[in-house]
Amino acid sequence: MTVQIDHALEEIRRFRPSPEFAANAVADAGLAEAAQADRLGFWADQSRELLQWEKPFTKTLDWSNPPFAKWFEDGELNVAVNCLDRHVEAGNGDRVALHWVGEPGDTRDITYAELTDEVKRAANVLTELGVGSGDRVAIYLPMIPEAVVSMLAVARIGAIHSVVFGGFSADSLASRIDDAEASLVITADGGYRKGKVFPLKPVVDEAIGKSVAGSVKNVLVVRRGENEVAWNDRDLWWHDTVGAASNEHEAESFEAEHPLFILYTSGTTGKPKGILHTSGGYLTQAAFTHKNVFDLHPETDVYWCTADIGWITGHSYVVYGPLANGATQVLYEGTPDTPHPGRWWEIIEKYRVSIFYTAPTAIRSFMKAGRHIPQAFNLRSLRLLGSVGEPINPEAWIWYRHVIGGGSIPVVDTWWQTETGAIMISALPGITDLKPGSAQVAIPGVSIDILSDDGTPVEGVDGGLLVVTEPWPSMLRGIWGDPERFKETYWEKFGDKYFAGDGARRDEDGDIWLLGRVDDVMNVSGHRLSTAEIESSLVAHPWTAEAAVVGAADETTGQAVVAFVILKASQAERVTDLAAASDELRKHVATQIGAIARPRQVFIVNELPKTRSGKIMRRLLRDLAEGRDIGDTTTLADTSIMQTISDQVK
Ligand code: PRX
């Protein structure tokens with residue numbers, strides 16, 4: 001009871017920035033004032049200050065054809081030059097860009113000069129392989145320096161990367177290769193995870209075998225896992241090609257709206273969406289937020305974002321934001337608990353990490369394991385902590401600040417999405433009074449509102465739908481190959497206001513609290529999964545007649561995938577061991593989509609709750625999966641069904 005009261009008290013507590021922190025903070029109140037006075041002028045100033053434009057822009061925003069925005073459209077730049085060459089030219093070539101740590105314990109420190117060199121070599125190889133401006137390159141790599149090099153080399157020659165998370169299956173990779181018609185895949189033989197080598201190249205081979213587009217001409221393979229791999233005519237070793245290439249490469253500049261990357265994310269239908277980002281606006285906001293939200297002092301800070309490059313957080317806050325700002329950062333290949341549960345804290349101690357950015361799901365699992373684990377390490381180099389991916393419960397916020405942060409340093413909770421490209425809502429350290437559990441305020445230059453379903457602003461603490469009311473520099477420019485889906489998904493609901501898919505409310509201080517997704521998108525360990533995608537995968541199994549998937553609250557992962565499956569009549573008789581059958585179905589989803597999509601539970605049932613029009617009422621299944629009393633069942637075609645299902649589930 002006491003504990004609960006403590007938490008309740010802390011929840012409403014504000015944490016003032018310390019005077020020392022505020023005195024040296026990068027951000028100041030002038031930012032918000034400038035943005036308020038002239039939003040477009042503010043972004044133009046930021047872009048000129050933060051980036052090197054080869055041809056200066058004269059126009060800031062063209063919003064004459066919403067929702068298709070053009071930012072800084074008559075300007076030209078090279079994104080890779082902004083992340084590399086210019087730091088070397090400014091005399092910072094000897095600064096470490098990456099402190100890389102491999103899971104088995106091998107390490108590499110790579111300076112800006114070395115990284116620039118390597119990217120130039122890789123760019124030459126890509127060009128030799130016939131990859132040109134606008135061509136798509138799929139990247140399927142572990143967290144090794146070559147992943148960063150690959151992304152920047154692709155950007156340097158004006159090609160478009162599509163990074164696919166290394167945990168995705170051959171099927172998922174194949175559909176992403178096909179959708180973008182990638183001509184090159186960059187992969188590794190394997191990478192390290194949980195003390196073992198997981199193969200990647202064999203998955204690429206399988207994916208290319210399954211590809212229907214037939215677009216892949218070459219596969220470039222980094223040697224990492226030393227696992228045995230089959231070899232085809234189209235395959236090339238990275239060390240043979242990049243290793244031997246010239247390090248002279250003249251970078252061309254590209255228009256601000258030149259496509260930079262496609263990143264696939266789950267939507268409400270079964271097919272992932274290829275979110276398209278472009279160059280100048282994206283890099284402006286990635287760099288601006290990285291500098292101001294994380295209070296970056298590039299000469300002295302050591303920054304670490306634990307996200308994989310396969311997700312948007314890895315794109316914006318491992319690659320583009322930090323490197324554009326000339327930061328020194330840690331890049332770690334493996335899992336947090338290998339070979340011991342204190343691995344992350346050991347890395348922070350060793351490299352004297354000062355800024356640390358991770359996800360609530362990780363924080364909650366550390367809480368579970370106990371504070372004695374981080375307390376065995378010296379974490380006093382830390383001076384700022386960040387959180388991303390899902391709402392952080394006040395209890396986890398407090399634990400993070402106290403146990404990891406030593407009790408006095410700022411914790412910033414950052415809300416954003418694959419589609420927004422960069423942070424949209426966050427406290428600014430040194431300025432904002434921090435409030436555990438709330439993402440707090442729109443960053444300067446971003447306009448957020450909360451609307452009711454009919455589009456009227458929701459005042460007070462009643463929840464509504466989160467929208468972005470004005471275009472922002474790093475906004476998605478579309479869905480690859482599907483402009484209609486782009487309009488329909490994000491813009492149909494509120495006209496020229498962007499519908500984010502999240503519920504939110506504002507408290508009496510005007511701080512924003514995120515309430516989770518309002519659509520059929522789940523958030524498992526901070527990763528987006530679509531109920532429809534997992535249902536399609538389950539139905540693709542020969543045993544399954546019908547499936548319904550819900551995201552059920554889970555203490556560690558935020559939400560967990562829970563599936564309800566009806567077996568085909570022909571199978572139902574043969575399947576006697578329900579536990580084994582449900583295990584088989586869980587495995588099937590992991591193989592088809594990837595381990596992150598593996599359901600926590602698969603319940604085999606005889607019926608699913610449906611309305612008279614045949615729509616599955618997932619809300620009732622969620623009640624069941626979360627162990628709550630079943631809500632209103634009056635709209636069901638057969639009101640007794642939930643009783644039958646809940647008896648079966650028990
Ligand atoms: O529901 C929101 C949640 O994650 C979704 C975006 O997922 P994704 O595109 O994979 O990007 C994750 C990393 C930026 C959002 O629609 N989300 C993200 N950050 C937060 C959050 N929910 C609450 N608080 C956050 N800080």
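The shell around the ligand is made up of eight nonpolar, eight polar and five charged residues. Bear in mind that this is a predicted model. Of the 21 residues around the ligand, Trp415, Gln417, Thr418, Leu514 and Arg528 come nearest.

**Ligand shell**

- Four elements each supply at least two residues of the shell around the ligand: helix α13 (312-324) and the strands β20 (411-414), β24 (498-506) and β25 (512-517).
- Which element gives the most to the shell around the ligand? That is β24, with three residues.

**Helix α14 and its surroundings**

- Helix α14 spans residues 343-351, and its buried residues are Trp344, Trp345, Ile347, Ile348 and Tyr351.
- Looking down the axis of α14, you would see these buried residues fall within an arc of 155 degrees, so they line one face of the helix.
- What do the buried residues of α14 pack against? Their partners are the strands β4 (96-101), β16 (302-305), β17 (328-332) and β18 (355-358), together with helix α16 (372-375).

- An unreviewed UniProt entry lists residues 533-615 as "domain: AMP-binding enzyme C-terminal".
- In the model, residues 533-615 are 31% helix and 31% strand, and the end C-alpha atoms of this span lie 17 Å apart.
- Strands β28 (residues 544-554) and β29 (residues 558-567) run antiparallel and are joined by ten bridges.
- A hairpin of three residues links β28 to β29.
- If you want a reference point for the pairing, Glu546 stands opposite Ile566 in β29.

**Asn247, a loop residue**

- Asn247 sits in the loop between α11 (238-241) and β13 (254-255).
- Is Asn247 buried, exposed or partly exposed? With 14 other C-beta atoms within 10 Å, Asn247 is partly exposed, because a residue counts as buried at 20 or more such atoms and as exposed at 12 or fewer.
- Leaving aside residues up to four places away in sequence, Asn247 touches Asp117, Lys120 and Arg121.
- Asn247 and Asp179 are 68 residues apart along the chain, and their C-alpha atoms are separated by 33 Å.

Conventions
Residues are numbered from 1 along each chain as its sequence is written. This is a predicted model: local features need pLDDT of at least 70, side-chain atom pairs count only at pLDDT 80 or more; totals for chains, interfaces and linings use all residues. Two strands pair if DSSP finds at least two bridges between them. UniProt positions are given in the numbering used here, feature names are shortened, and annotations may be inferred rather than shown by experiment. A residue is near a molecule or strand if its C-beta atom, placed from the backbone, lies within 6 Å of it. Ala, Val, Leu, Ile, Met, Phe, Trp, Tyr, Cys and Pro count as nonpolar, Asp, Glu, Lys and Arg as charged, and the others, Gly among them, as polar. The arc is that of the directions from the helix axis to the C-beta atoms. Two residues are in contact if their C-beta atoms, placed from the backbone, lie within 7 Å.
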